[in-house]
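Here is a short report on one protein chain. Look over the sequence and the structure before reading on.

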Amino acid sequence: MKTNTQLDSKESSQLESKETREQTGIDLKYGSSDLKILPFLSFQVVAIFEESAKQKHDSIGLDLVPRPPLVVKGDFHAQPFDAETFDFEFSNVFDHALYPEKFVGEIERTLKPGGVCVIHVSLHGKTDKYSANDLYSVKPLVKLFKRSKVVEVRKIDGFGLDTEVVFRKNKD
């Protein structure tokens with residue numbers, strides 16, 4: 001498999017989940033402490049956290065608008081959590097990041113070594129009026145992750161987002 005800096009959008013869309021899982025040994029039944037960086041509606045937040053509770057995961061959401069007790073107030077450019085707190089982080093708001101380097105830096109700071117990060121993005125332009133940056137390939141996103149490797153890239157259909165990129169933080 002190519003290194004993360006060698007992926008382009010055509011190649012990344014051709015990666016197959018089964019092949020990637022066999023090569024990396026990733027188990028997508030994530031760890032016990034999860035962070036969701038997401039601007040979902042209240043009913044979606046409740047559904048996500050109910051599922052996490054069933055799986056016996058401790059989960060917390062982060063948003064500029066808190067929804068206690070499930071979502072705390074915070075800026076994803078400066079997460080209010082200690083280093084190496086989470087086994088798993090998910091975000092569908094990379095396009096909203098005014099400072100993509102800070103956004104990714106905070107994910108890598110708060111993710112435990114060996115932890116997994118899943119990011120949903122659109123490779124076909126703006127998804128909504130809050131988009132601050134556009135991607136036309138996964139390559140620029142991959143380059144931002146300095147302490148993680150790409151595990152999987154696949155097409156999805158999720159609220160205007162068309163690509164899922166999975167990273168695993170190096171165990172250093």
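This is a predicted model: local features need pLDDT of at least 70, side-chain atom pairs count only at pLDDT 80 or more; totals for chains, interfaces and linings use all residues.

What pattern does the chain follow when read along the sequence? The pattern is α-α-β-α-β-β-β-α-β-α-β-β. In total, the chain holds 5 helices and 7 strands.

The mean pLDDT is 75. Of the residues, 66% reach 70 or more. Residues 1-31 call for care in reading. Over that stretch pLDDT stays under 50. The model still gives residues 1-31 a total of 45 contacts beyond four places in sequence.

Next come burial, contacts and surface. The chain has 172 residues, and 48% of them count as buried. Take the contacts between residues at least 6 apart in sequence: 65% of these join residues at least 24 apart.

What empty space is left inside? Rolling a probe the size of a water molecule over the atoms shows where such space remains. The count here comes to 1 cavity of 30 Å³ or more. Its lining has 10 residues, and the closest to the cavity centre are Asp95, Val121, Ser122, Asn133 and Leu135. The volume of this largest cavity is about 60 Å³.

| Lining class | Number of residues |
|---|---|
| Nonpolar | 3 residues |
| Polar | 5 residues |

Terms used: Residues are numbered from 1 along each chain as its sequence is written. Side-chain values use heavy atoms; hydrogens and water are left out. Helices (H or I, at least four residues) and strands (E, at least two) are DSSP runs, numbered from the N terminus. Buried means under 20% relative accessible area, exposed over 50%, partly exposed in between (1.4 Å probe, protein chains only). Contact means heavy atoms within 4.5 Å. On a 1 Å grid over the protein atoms alone, a cavity is a set of points where a 1.4 Å probe fits but cannot get out, and a pocket is an open set with protein on both sides within 12 Å along at least five of seven lines; lining residues have an atom within 4 Å of a point. Grid points are joined across faces, edges and corners, and a volume is the space filled by probe spheres set on the points. Ala, Val, Leu, Ile, Met, Phe, Trp, Tyr, Cys and Pro count as nonpolar, Asp, Glu, Lys and Arg as charged, and the others, Gly among them, as polar. pLDDT is the predictor's confidence in each residue, from 0 to 100.
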